[in-house]
Amino acid sequence: SGAAVVAGGAAGRVVKKDEDLFQLLMGKDSGFDPSVQLGAMPPLGFFDPLGLCPKDDLATFRKYRSAEIKHGRVAMMATAGAVAQHYFRIPGFESPEPGLSAVEDVAGRAGAIELLIACGALELSLWSE
């Protein structure tokens with residue numbers, strides 16, 4: 001489970017899940033190199049000015065890559081929600097003012113607390129790694 005036999009340049013070697021298949025096929029079996037991964041392109045290349053992702057650390061790279069994708073998705077949902085709140089109201093929450101002043105109203109405060117609890121439950125149960 002999680003392994004595959006790679007033919008060609010890898011000479012039938014068994015590749016485990018955490019190995020970089022691209023580098024193995026290209027004959028770069030010396031370790032993981034984030035600068036050749038998808039998304040590293042000119043003019044910046046692999047952009048890591050603080051050196052948070054070491055060159056041979058695949059686990060850290062995958063952790064940061066998955067966090068980047070998750071944060072991008074949250075930002076897209078927040079943008080859609082910011083636009084949609086102008087046009088749509090959830091039944092029962094018509095009275096609060098739109099925007100941040102909604103938490104000053106009792107119904108708005110209750111809705112914000114419910115939203116935070118729902119997000120926390122989803123984060124801890126379904127979306128955990």
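**Reading the labels of a predicted model**

User: Why is F61 called buried?

Analyst: F61 is called buried because its relative accessible area is 8%, and the word applies under 20%, while exposed applies over 50% and partly exposed in between (1.4 Å probe, protein chains only). The structure is a predicted model, in which local features need pLDDT of at least 70 and side-chain atom pairs count only at pLDDT 80 or more, whereas totals for chains, interfaces and linings use all residues. Residues are numbered from 1 along each chain as its sequence is written, and side-chain values use heavy atoms, with hydrogens and water left out.

User: How many aromatic pairs does a search of the whole structure find? What makes the pair of F46 and F61 tilted?

Analyst: The search finds one aromatic pair. The ring centres of F46 and F61 lie 6.3 Å apart and their planes meet at 50°, so the pair is tilted: rings of Phe, Tyr and Trp (its six-membered ring) pair if their centres lie within 6.5 Å, with planes under 30 degrees apart counted as stacked, over 60 as edge-to-face and the rest as tilted.

User: How do you know that this pair links distant parts of the chain?

Analyst: F46 sits in the loop between α1 (21-25) and α2 (58-87), while F61 belongs to helix α2, and the two are 15 residues apart. Helices (H or I, at least four residues) and strands (E, at least two) are DSSP runs numbered from the N terminus. In the protein there are three helices and two strands, in the order β-β-α-α-α from the N terminus on.

User: Why is F46 called partly exposed?

Analyst: The relative accessibility of F46 is 32%, so F46 counts as partly exposed. Among the 129 residues of the protein, 14% count as buried.

User: What makes P34 a buried residue, and which residues does P34 touch?

Analyst: P34 has a relative accessibility of 3% and therefore counts as buried; its place is in the loop between α1 and α2. If residues up to four places away in sequence are not counted, P34 touches A40, F46, P54, K55 and F61, where contact means heavy atoms within 4.5 Å.

User: Why is T60 called buried?

Analyst: T60 has a relative accessible area of 18%, so T60 is buried. T60 is placed in helix α2, and its contacts, leaving aside neighbours within four places in sequence, are L52 and C53. C53 is itself called buried because its relative accessible area is 9%.

User: How many disulfides does the structure hold? Why is C119 called partly exposed?

Analyst: The structure holds zero disulfides, a disulfide being a pair of cysteine sulfur atoms within 2.5 Å. C119 has a relative accessibility of 40% and so counts as partly exposed.

User: Which residues lie nearest the centre of the largest pocket?

Analyst: Of the 32 residues that line the largest pocket, G81, I90, G111, L115 and C119 lie nearest its centre. A pocket is an open set of points, on a 1 Å grid over the protein atoms alone, where a 1.4 Å probe fits and protein lies on both sides within 12 Å along at least five of seven lines, and lining residues have an atom within 4 Å of a point. The volume of the largest pocket is about 1,300 Å³. Elements that give two or more residues to its lining are α2 and α3 (106-125), with α2 supplying the largest share, ten residues.

User: Why is I90 called exposed?

Analyst: I90 has a relative accessible area of 57%, so I90 is exposed. I90 lies in the loop between α2 and α3, and its C-alpha atom is 9.7 Å from that of G111, 21 residues away along the chain.

User: Where is A107, and why is A107 called partly exposed?

Analyst: A107 is in helix α3, and its relative accessibility of 21% is why A107 counts as partly exposed. Not counting residues up to four places away in sequence, A107 touches G92, F93, S95 and P96. A107 and P96 are eleven residues apart in sequence, with 6.7 Å between their C-alpha atoms.

User: Which residues lie nearest the centre of the second largest pocket?

Analyst: F46, F47, F61, R65 and E68 lie nearest its centre, among 17 lining residues, and the second largest pocket holds about 360 Å³ of space.

Methods: Grid points are joined across faces, edges and corners, and a volume is the space filled by probe spheres set on the points.
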